[in-house]
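The entries follow the order in which I consulted the model.

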Amino acid sequence: MLKLPGSLSLFRKLVLASVAAGLLPMILGFSMSYISQRDTLRKTMGSAFRVLARETGVKLGLLIHDLLDRATDLARSDRLAEATTGANRRSEGPTMDRRAVDLLEAFRLRSPLQYHLIILTDREGRVIGASPRQSAGRQSYRGEMEWEAAFDGGKGKPFVGDITWDPVLSAYTLNMAVPVRRNGEMAGVLLLIHTVDRLFKSVTDVHIGRTDHTMLASSDGSLLFCPIFQIKNHTLAKSLSQEIFKKEDGWSTTRADVHYPGREAINGFSQVRLKIDDLSPKSLGGRRWAIFTSQDPKETYEPLRSLLGWTALSAGMGVLILVVLAILAIRTIVRPITLLQTKAHEIIQGIRALPMDRRKVVTPHGAPEMNIDTGDEVKDLAEAFSEMVGTLESSRRLLTETTRRLEEMAITDELTGLYNRRYMMEELKAEFSRSMRFGLPLSCLAIDLDFFKEVNDRCGHLAGDEVLRQISDLFHENFREPDILARIGGEEFLVILPQTDIRGALAKGELLRGQVERHAFTIDHGETIRLTISIGAAAYPDERIHNTDHLLKVTDDALYRSKETGRNRVSRG
């Protein structure tokens, strides 16, 4: 290349100008990438913590609801009602009722780690039964908050207390009080003092990352459950407490985090909602509970720091490459353009060699066009790249649509449009794992068309296929969005019902059975036929069910029982 006088000076100026022009957008892009990625990371982690807090709150509510249900069932015992009624008739001092004590002792021993103490009192608060037996040193509970809340002047309402320290037991407890009635009249109060170990673990054992802490807080700002601090010896910052006890579940960033104060941390939170009818307004000490999460900001923002590190490394390499490219571009312009032109034509020729049904060369709307009319190689290069972009875009669209169709075909039944057996088995395993983890019910329905072979034999297989399509549409109309329907055989169907117990499954099965029995299925030339179905239902939790194979076996056995006992019925596994 011929060097003109002063060309070296111009060369340096062009190199410096090229480097400056390249660094400016690189720095701007680096800054924008950091801001956008940080915001995305916050939203992603915040949403994950919000879901974690919500599911933990639901689980805690279910555990408390279960404890109250057990207490209510015990309070409805005729033996306790007779004991309290007999004590109310006596004018002398309190006397322990031996039969009531035996019943309380038997109830407590079924879950000895769950209860510290169970007390039965009459209408005056006098103790007439206790478990353990030797714990009846106190004669009366009248005047105690939980007793008064449950008695409520004779109106009687269940009461769930706050997490409190019991100096006598030297332990944190959850107290409950349930009214005891006889013939609709208030006869006494049953007091239950629970251990909190199970409730504590249900909250603090839940986490996503290595440094997660899931906690339970009260609306007065006190920390009830925390895997690090002792119970109720720590108070939340006012700003954090106000954020957590909003009505809506959510997440926020704060510098008043319990474990990492002064550093920006993300907290997800959700209130614990006890959906118990007619609960005493004094429950939880008149306060509210909320689950919230905390994580070490180092772990939270580790992906961002890693991204920044790689970005900085890439930027440094980019600067070096930019300098080299600038030098090469300034020294020789025509040669790189010619090389790009040649490579572009080679790519286009390769695409043109593909069959027409795979490329469909149509320039899509919005595809970039390089209208450069220089009359030289630059114009030719611009036209070649425009054609290449259009061709590649058409091929990409065709490939995307083909991939989508293949994915849909892989999981659905071609005849009915329902999911196929393989996809159903994968979803069943996922739902069963989720139910085991969070203690949620999971039901399964196995459905078989009665005497369907006779339809094929009498009306033909085309009519049988039409019946299968119509009954699949009928199934779709009768199930919720989360329910999963699949055709697993010729005339066999399987339905997964998440968060549904056996009663709900039987009710859904009976409703579906009745609708099929009343439905007229249309086949050729407007002719209609009637069909019935047999259904087997099973649900987890069940002592026989420990995995998906057990659940399917119990469901299949129930279906077999329906067919053996006359068909057109729903049987429980």
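I looked up Pro179 and found Val189 in E5 as its bridge partner. The two strands concerned, E4 (residues 171-182) and E5 (residues 185-195), run antiparallel and are joined by 10 bridges. I note that strands pair if DSSP finds at least two bridges between them, and that strands (E, at least two residues) and helices (H or I, at least four) are DSSP runs numbered from the N terminus.

The model is predicted: local features need pLDDT of at least 70, side-chain atom pairs count only at pLDDT 80 or more, and totals for chains, interfaces and linings use all residues. Residues are numbered from 1 along each chain as its sequence is written, and side-chain values use heavy atoms, with hydrogens and water left out.

I then traced the sheet: five strands form an open, antiparallel sheet in the order E2-E1-E5-E4-E3. Strands E2 (127-131) and E3 (159-166) stand at the edges with a single partner strand each, so one side of each lacks a neighbour in the sheet.

Next I examined strand E11 (residues 442-449).

Finally, I checked the partners of E11. Strand E13 (residues 492-498) pairs with E11 in the antiparallel sense over seven bridges, and Ala446 has Leu494 as its bridge partner in E13. Strand E16 (residues 533-540) pairs with E11, also antiparallel, over eight bridges; there Leu445 stands opposite Ala537.
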